Amino acid sequence: MILKPGKPPHRVTSYRPISLLRLLSKIFERIFLKRIQVDAVINVKIPEHQFGFRELHSTTQQSQRFINEILKSLEEKMLCRAAFLDVQQAFDRVWHDGLIFKLKAALPTPYYLLLQSYLTDSYSQIKFNTATSVNFPILSGVPQGSVLGPLLNLIFTADILTGNDITIATFADDTAILASNEDPLTASQSLQTHLNHLAT
């Protein structure tokens with residue numbers, strides 16, 4: 001646990017945990033990721049609006065894409081409404097049961113069973129100075145600092161709701177949603193309706 005600069009030391013939220021993974025776990029993940037990439041066995045389609053952790057995709061390109069949508073709307077005399085979402089501790093909040101369900105649909109059975117075993121019955125322990133906690137089960141989140149973490153997160157969020165009347169731009173766990181219409185009230189309603197669907 002490392003104290004964040006300028007934060008009070010007596011608060012738990014003032015500390016940034018550094019996750020240490022087992023060496024065998026790191027080796028397994030690299031071998032497994034290469035095998036998936038070679039076999040191209042992932043059946044889930046990573047959406048085009050997701051630019052995070054993908055080759056030949058960058059924040060600059062995503063920003064340009066989003067700005068172009070705004071300029072296009074303005075040229076067509078339409079008004080834009082936008083919402084920018086940043087899920088706090090997104091990688092730590094990945095629901096294991098939901099991820100395993102999606103992995104079953106995305107991967108062949110041997111790959112799915114291997115990852116199910118890898119994510120199930122995992123335990124963690126926290127060390128601070130000389131104090132060490134008891135082992136406690138990990139029921140959510142993808143392994144922090146792992147090479148598989150980004151891929152698992154992309155699969156988990158690949159089915160994010162989209163719509164014909166909105167534009168979505170995502171980069172890892174950051175999401176921007178744009179709604180355009182000649183009527184500002186209609187644009188606002190479209191945006192709010194989409195946010196309501198995301199919340200359910």
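Predicted model: local features only at pLDDT ≥ 70, side-chain atom pairs only at ≥ 80, totals over all residues.
Residues are numbered from 1 along each chain as its sequence is written, and side-chain values use heavy atoms, with hydrogens and water left out.

Trainee: Is Lys45 buried or exposed?
Mentor: Lys45 sits in the loop between helix 1 (23-39) and helix 2 (59-75); helices are DSSP runs of H or I, at least four residues, numbered from the N terminus. Buried means under 20% relative accessible area, exposed over 50%, and partly exposed in between, with a 1.4 Å probe and protein chains only. The relative accessible area of Lys45 is 59%, so Lys45 is exposed.

Trainee: Which residues is Asn153 in contact with, leaving aside its neighbours within four places in sequence?
Mentor: Asn153 belongs to helix 5 (residues 149-157) and is buried, at 3% relative accessibility. Contact means heavy atoms within 4.5 Å. With those neighbours left aside, the residues are Phe91, Val94 and Val142.

Trainee: How are helix 3 and helix 5 oriented to each other?
Mentor: Axes are lines fitted to C-alpha atoms, for helices over the stretch in contact, and angles run from 0 to 180 degrees between N-to-C directions. The axes of helix 3 (residues 96-106) and helix 5 come within 9 Å and cross at roughly 90°. Angles under 35 degrees count as roughly parallel, over 145 as roughly antiparallel, 65 to 115 as roughly perpendicular and the rest as oblique. Helix 3 and helix 5 are therefore roughly perpendicular.

Key. Helix = DSSP H or I, 4+ residues; strand = E, 2+ residues; numbered from the N terminus.
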